[in-house]
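Hello,

Here is the structure for you to look through. My notes follow below it.

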Amino acid sequence: MSGGATVSDRSTILRTEGLTKRFGTATAVEDVSLSVGAGEFFALVGPSGCGKTTTLRMLAGLESPSGGRIEIAGGDITDSPAQDRDTNLVFQELVLFTHMTVAENVAYGLARDGVPRDERRSRAAEMLATVGLEGFGDRDPTELSGGQKQRVALARALVNEPAVLLLDEPLSSLDRKLRAEMRAELRRIQDDVGTTFLYVTHDQESAMSMSDRLAVMRDGRIVESGPPESLYGHPETAFVADFLGNANLLTGRVRDRRDGRVVVDAAGGRFTAAVGEGRSAPASGADATVMIRPENLRLRGDTFAGTVRDVGYMGAHREYVVALDAGPTLQVRSGADDGVGVGDAIGVGVADAAVVDGAGADG
């Protein structure tokens, strides 16, 4: 992933203000305001039905907003038809023209725009080289693998040099290994061409591994946005904590405050938890919901006491389920064989924790 520059470090290329979409009496998207910097890789992520795809379709001009405003490079495009917007869209379902060669597929938009043939060929060949398909121009699309077809679709969308490339879960049909390879390739290609990418997905892993910033949606609204490291390590809400990876959420009582951290009594143990930058620490005596990632717990610690209920071998690590004597169940991740089995009484220690707002996973 790149260095993670924020939108304040870049000129804004895409902005929405109060973007809203209603279908009859149902509201799919409500009051979505965001700014995306030029050259930024921005991800819009959330569970199915949260409104992210509807938002993308409004940005692309495939749906008309019920309210709000969309700008590209400072110009109002809210009511502009799709063909007049400086955007291109890579769909979830790849559609390549089987009666055309790979190069002709890539150059299709250029031909439609009246670009001379020699220039079309040159630009298509250059873009194929950029996506790692140099020399594939004369092939038939049916001869390509799934990953290669994805690269052709990407090349076709980029060759017209849009200000913003919109991507609608383009990796969802690929198997896990190929999806991981294409995530790295997408990030490399975006770095090479410098085009702004707005990537929509329900796949948290893809969003976090590729994006400079991401926004998490729920029920048609943006819940939180920021760099992936910030949202994963110090989310503001229990919903985001639980959505972006596995999270142990414990409700406890604040005992003390110390230099941006709080001492919390929860689930029969006492430990410290960090408070996110720019947020106020809860007062001593207040209730607090605390997130602990499975990788931030260690077996044979002295914070909690419990019993191992399950052990899952995951290759590079093991996943333990520990039922605490005080009631809650914890997920613990360890990269080593700890020699611990189901039914063993075990202590669990806390390496890092963070305060989140809300009460429980639905907070």
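Arg 258 and Asp 256 form a salt bridge, with the closest N and O atoms 3.4 Å apart. Asp 256 is partly exposed, at a relative accessible area of 30%. Please keep in mind that this is a predicted model.

That pair belongs to a longer list. The search of the whole structure finds 24 salt bridges. Some of them share partners: Arg 15, Arg 69, Glu 71 and Asp 76 are joined into one network this way.

In the first, the side chains of Arg 123 and Glu 119 meet in a salt bridge, at 3.1 Å from N to O. Both residues belong to helix α4, which covers residues 117-130. They are four residues apart there, so about one helical turn separates Arg 123 from Glu 119. Glu 119 counts as partly exposed, at 38% relative accessibility.

In the second, Lys 177 bridges to Glu 181, and the closest N and O atoms are 2.7 Å apart. This pair lies in helix α6, residues 176-193. Lys 177 and Glu 181 are also four residues apart, so they too are separated by about one helical turn. Lys 177 is exposed, with a relative accessible area of 59%. Glu 181 is partly exposed, at 38%.

**A buried helix**

Now to helix α1, residues 52-60. Seven of its nine residues are buried, so the rest of the structure largely encloses this helix. The cut-off for buried is under 20% relative accessible area. Which residues of α1 are buried? They are Lys 52, Thr 54, Thr 55, Leu 56, Met 58, Leu 59 and Ala 60. Gly 61 follows α1 and has a positive phi, near 85 degrees.

**Strand β15 and its partners**

Strand β15 spans residues 297-313. It pairs with strand β18, residues 345-350, through seven bridges, and the two run antiparallel. Phe 304 stands opposite Val 348 of β18.

β15 also pairs with strand β16, residues 318-324. That pairing is antiparallel too, over seven bridges. Here Gly 312 stands opposite Glu 319 of β16. β15 and β16 form a hairpin with four residues between the strands. In that hairpin, Gly 315 takes a positive phi near 90 degrees.

Best wishes

Conventions:
Residues numbered from 1 in each chain as written. Predicted model: local features only at pLDDT ≥ 70, side-chain atom pairs only at ≥ 80, totals over all residues. Heavy atoms only, no water. Salt bridge = Lys/Arg side-chain N within 4 Å of Asp/Glu carboxyl O. Buried < 20%, exposed > 50% of the residue type's maximum accessible area, 1.4 Å probe, protein only. Pairing = 2+ DSSP bridges.
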